[in-house]
Amino acid sequence: MLQTKTELTLEEFLVVGEGEGDITYELIDEQAVPKMSPKKFHSRLTRSLIKLLEQWGEERGEIGVEWAVRLTRLGRDWVPVPDLLCFSYERLSPDWNQDEACPVVPELVIEIISPEQTFGQLLESLE
């Protein structure tokens, strides 16, 4: 598991890379926070949403699955990893081909709440 110090800069977080196994981390309040590993319900819903969104994105933009996004929240670096994100080619050129966190704010972000998670718990993780 990723060991963090009290505060982690954006640069340090981005250099750390992937976690062990299927662990994905998000940068929240300068801490690397593990994201819950998806299960069957989550996987099926993600697959269905991707099919719908790909129809929209065919000519207009790109759909990302668990793609980290570089943001700033309350003056601090924040790197959430939404389940799905969509952005138009007007925001990010189809020629952009870097293997890094998304550098633009998506137009649509979808976070799937697991059956054992409440909406309130999701909101707490965003505060």
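**Burial, charge and backbone features of the predicted chain**

Cys102 has a relative accessibility of 0% and therefore counts as buried (buried means under 20% relative accessible area, exposed over 50% and partly exposed in between, with a 1.4 Å probe and protein chains only). The model is a predicted one, in which local features need pLDDT of at least 70 and side-chain atom pairs count only at pLDDT 80 or more, whereas totals for chains, interfaces and linings use all residues. Residues are numbered from 1 along each chain as its sequence is written, and side-chain values rest on heavy atoms, with hydrogens and water left out. Cys86 is likewise assigned to the buried class, because its relative accessibility is 3%.

The chain contains three helices and seven strands (DSSP runs numbered from the N terminus, with helices being H or I of at least four residues and strands E of at least two). Read from the N terminus, these elements follow the order α-β-β-α-β-β-β-β-β-α. Of the 127 residues in the chain, 35% count as buried. Ile63, which is located in strand S3 (residues 61–65), is buried because its relative accessible area is 18%. The C-alpha atoms of Ile63 and Pro106 lie 9.6 Å apart in space, although the two residues are 43 residues apart in sequence.

With regard to charged side chains, the search of the whole structure identifies one salt bridge (a side-chain nitrogen of Lys or Arg within 4 Å of a carboxyl oxygen of Asp or Glu). The partners are Arg91 and Glu107, whose closest N and O atoms are 3.2 Å apart. This pair links distant parts of the chain, with Arg91 and Glu107 both placed in the loop between strand S6 (84–88) and strand S7 (108–110) and 16 residues apart. Arg91 is classed as partly exposed because its relative accessible area is 41%, and Glu107 is partly exposed because its relative accessible area is 41%. Glu100 is also situated in the loop between S6 and S7, and its relative accessibility of 41% is why Glu100 counts as partly exposed.

On the surface, Lys40, Arg44, Arg47 and Lys51 form a patch of positive charge (for charged patches, residues have over 30% relative accessible area and no salt bridge, and like charges are joined within 9 Å). Lys51, a member of this patch, belongs to helix H2 (residues 40–60) and counts as exposed because its relative accessibility is 52%.

Glu66, which is not a glycine, has a positive phi of about 45 degrees; Glu66 occupies the loop between S3 and strand S4 (71–73) and, because its relative accessibility is 30%, counts as partly exposed. Leu74, again a residue other than glycine, has a positive phi near 55 degrees. Leu74 is placed in the loop between S4 and strand S5 (76–78), where its relative accessible area of 79% is the reason that Leu74 is classed as exposed.

Notes:
Patch = residues over 30% accessible without salt bridge, like charges linked within 9 Å, V, L, I, M, F, W, Y side chains within 5 Å. Areas by Shrake-Rupley, 256 points an atom, 1.4 Å probe, with all protein chains shown as cover. Lys, Arg positive; Asp, Glu negative; His and termini not counted. Charge placed at Lys NZ, Arg CZ, Asp CG, Glu CD.
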